[in-house]
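Me: I have a chain open here and would like to talk it through with you. Could you take a look and start wherever you like?

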Amino acid sequence: MQTKLRHYIREKLGNSRSINVPISELEQIAGDDWLLEVVAQAQSLQLRVAPHARDDSLVLIERES
């Protein structure tokens, strides 16, 4: 699952600086502990995870500066 999640994040981000990802997609890949898994994989890719500013159904994943 970790490899699948890492690949998903890397593919979705591509060359973008940041992306908004639906939490429902992350739950499908990582299960109930999706937040812990996403944060761990994001850190290994030198990315940050944050809540979306206006939409509770999205998570912001962005490159570290």
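Predicted model: local features only at pLDDT ≥ 70, side-chain atom pairs only at ≥ 80, totals over all residues.

Me: Which residue just after H1 takes a positive phi?

Reply: That is Gly14, which comes just after H1 and has a positive phi of about 55°.

Me: OK, stepping back, how many helices and strands are there in the chain, and how do they run from the N terminus on?

Reply: The chain has three helices and three strands, and from the N terminus on the order of the elements is α-β-α-α-β-β.

Me: And the overall dimensions, what does the C-alpha trace span along its principal axes?

Reply: The C-alpha trace spans about 30 × 25 × 15 Å along those axes. For 65 residues a compact globule would have a radius of gyration near 11 Å, and the chain has 11 Å, so the two agree. As for burial, 32% of the 65 residues count as buried, and among contacts with a separation of 6 or more, 56% are between residues 24 or more positions apart.

Me: Back to H2, which of its residues are buried?

Reply: In H2 the buried residues are Ile23, Leu26, Ile29 and Ala30. Seen down the helix axis they fall within an arc of 125°, so they line one face of H2. What they pack against is H1, S1, H3 and S3.

Me: What about H1, which residues are buried there and which exposed ones sit on the face turned away?

Reply: Leu5, Tyr8, Ile9 and Leu13 are the buried residues of H1, and because they cover an arc of only 115° around the axis, they are on the same side of the helix. The face turned away from that buried side carries Thr3, Lys4 and Glu11, which are exposed. The cover over the buried residues of H1 includes strand S1 (18-22), helix H2 (23-30), helix H3 (34-44), S2 and S3.

Me: How far apart are the end C-alpha atoms of H1, and what should its twelve residues span?

Reply: At 1.5 Å a residue, the twelve residues of H1 (residues 2-13) should span 16 Å, and the end C-alpha atoms are 16 Å apart, which agrees.

Me: Now the largest nonpolar core, which residues touch the most other members?

Reply: That core has 16 residues, of which Leu5, Ile9, Leu26, Trp34, Val38 and Ile61 touch the most other members. The elements giving two or more residues to this core are H1, S1, H2, H3 and S3. Taking Val38 as one case, and leaving aside neighbours within four places in sequence, its contacts are Leu5, Ile9, Leu26, Val49 and Ile61.

Me: Switching to polar residues, what does the side chain of Gln41 join in a polar contact?

Reply: The side chain of Gln41 makes a polar contact of 3.1 Å with the side chain of Arg6. Gln41 is found in helix H3, and it counts as buried because its relative accessibility is 5%, where the limit is under 20%. Apart from neighbours within four places in sequence, Gln41 is in contact with Gln2, Leu5, Arg6 and Ile9.

Me: Last one, where is His52 found, and what does it touch?

Reply: His52 is in the loop between strand S2 (47-51) and strand S3 (58-63). Not counting residues up to four places away in sequence, His52 touches Asn20, Leu58, Val59 and Leu60. The C-alpha atoms of His52 and Asn20 are separated by 7.4 Å, although these residues are 32 residues apart along the chain.

Conventions:
Residues numbered from 1 in each chain as written. Heavy atoms only, no water. Helix = DSSP H or I, 4+ residues; strand = E, 2+ residues; numbered from the N terminus. Contact = heavy atoms within 4.5 Å. Expected span 1.5 Å × (residues − 1). Buried < 20%, exposed > 50% of the residue type's maximum accessible area, 1.4 Å probe, protein only. Arc of directions from axis to C-beta. Polar contact = N/O pair within 3.5 Å; in protein donor to acceptor, adjacent residues only side chain to side chain. Core = buried A, V, L, I, M, F, W, Y, C linked by side-chain atoms within 4.5 Å. Rg over C-alpha atoms; globule rule 2.2 N^0.38 Å.
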